[in-house]
Every structure is written in C-alpha cells, then in structure tokens.
Amino acid sequence: MQINNGFRVSTITDHGIYGFFGEMRFLSNFHILPEPIIYDGFPFYTTEAAYMSGKTFDLSVKQALSDLSSNPGKTKRIGRTLTLRHDWEQDAAEPIDVFF
C-alpha cells in the first residue's frame with residue numbers, strides 16, 4: 001500500500017497486489033457489503049468475517065464474528081486466535097466456494 005495525495009493506493013508488484021482501495025475496494029475482503037452474506041445461518045457484512053467463521057464449528061464464535069462483521073480488522077484478529085475445526089486443513093476453500 002502507498003499513500004498518494006492523502007489517499008491509500010493499491011501497490012502492484014511482480015509478487016502480488018497489496019491492498020484494494022478507491023474504486024477497487026469492492027475486491028477487498030475488508031469491503032463492507034451493502035447486504036450481508038448469509039453463511040451457516042449468520043449474516044456477515046464482509047467476506048473476511050464470513051471466511052473466519054468458516055474456520056470453526058463453534059456457534060458462539062460464529063455469532064461473535066457476525067456481530068463484529070462490520071469491523072474486518074477485529075474479525076481477522078479473532079480468526080488468527082481460533083481453535084481451527086478438525087477438518088480445516090483439507091476444507092479451507094469450502095467457505096470461498098460458497099461465497100462465489
């Protein structure tokens with residue numbers, strides 16, 4: 001990410017894209033959606049929160065992630081601390097398949 005005239009700008013290198021801002025913000029997992037994604041019966045306003053909820057079978061954690069889904073930074077931090085569901089390593093792409 002770079003700052004240009006006070007605005008964040010995506011950085012594109014040979015190794016990848018770093019950040020989606022401005023008119024490309026909709027491509028970011030942190031983009032706040034106008035309507036929620038319903039995943040496992042819970043509404044999520046970012047794909048980040050929905051994806052993090054896919055890491056667990058714990059309904060109370062899913063509810064917490066849903067409640068915080070308009071704050072993707074917090075949901076990402078929670079997702080890093082979760083006890084992963086037993087089949088996560090083989091099924092990590094499953095939530096992504098559901099969203100698209």
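This is a predicted model: local features need pLDDT of at least 70, side-chain atom pairs count only at pLDDT 80 or more; totals for chains, interfaces and linings use all residues.

Biologist: Which residues make up the largest nonpolar core?

Modeller: That core has 10 residues: Ile37, Tyr39, Phe42, Phe44, Ala49, Ala50, Met52, Val61, Leu65 and Leu82. A nonpolar core here is a set of buried Ala, Val, Leu, Ile, Met, Phe, Trp, Tyr and Cys residues joined through side-chain atoms within 4.5 Å. Buried means under 20% relative accessible area, exposed over 50%, and partly exposed in between, with a 1.4 Å probe and protein chains only.

Biologist: And which elements give two or more residues to this core?

Modeller: Strand 5 (37-39), strand 6 (42-44), helix 1 (47-53) and helix 2 (59-67) do. Helix 1 gives the most, with three residues. Helices (H or I, at least four residues) and strands (E, at least two) are DSSP runs, numbered from the N terminus.

Biologist: Take alanine 49 in helix 1. Buried or exposed?

Modeller: Alanine 49 counts as buried, at 0% relative accessibility. Apart from neighbours within four places in sequence, alanine 49 is in contact (heavy atoms within 4.5 Å) with Phe44, Leu65, Ser69 and Thr75.

Biologist: Thr75 belongs to helix 3, then. Which residues of helix 3 are buried?

Modeller: In helix 3 (residues 72-81), they are Pro72, Gly73, Thr75 and Gly79. They lie on the same side of helix 3, because they cover an arc of only 165° around the axis; the arc is that of the directions from the helix axis to the C-beta atoms. These buried residues pack against helix 1 and helix 2.

Biologist: Changing topic, how many salt bridges does the structure hold?

Modeller: Two, a salt bridge being a side-chain nitrogen of Lys or Arg within 4 Å of a carboxyl oxygen of Asp or Glu. Lysine 62 pairs with aspartate 40, with the closest N and O atoms 2.8 Å apart. Lysine 62 is in helix 2 and aspartate 40 in the loop between strand 5 and strand 6, so this pair ties together parts 22 residues apart in sequence.

Biologist: How accessible is lysine 62, and how accessible is aspartate 40?

Modeller: Lysine 62 is buried, with a relative accessible area of 3%, whereas aspartate 40 is partly exposed at 48%.

Biologist: Which residue does arginine 85 bridge to?

Modeller: Arginine 85 forms a salt bridge with aspartate 87, the closest N and O atoms being 2.6 Å apart. Both arginine 85 and aspartate 87 are buried.

Note on methods: Residues are numbered from 1 along each chain as its sequence is written. Side-chain values use heavy atoms; hydrogens and water are left out.
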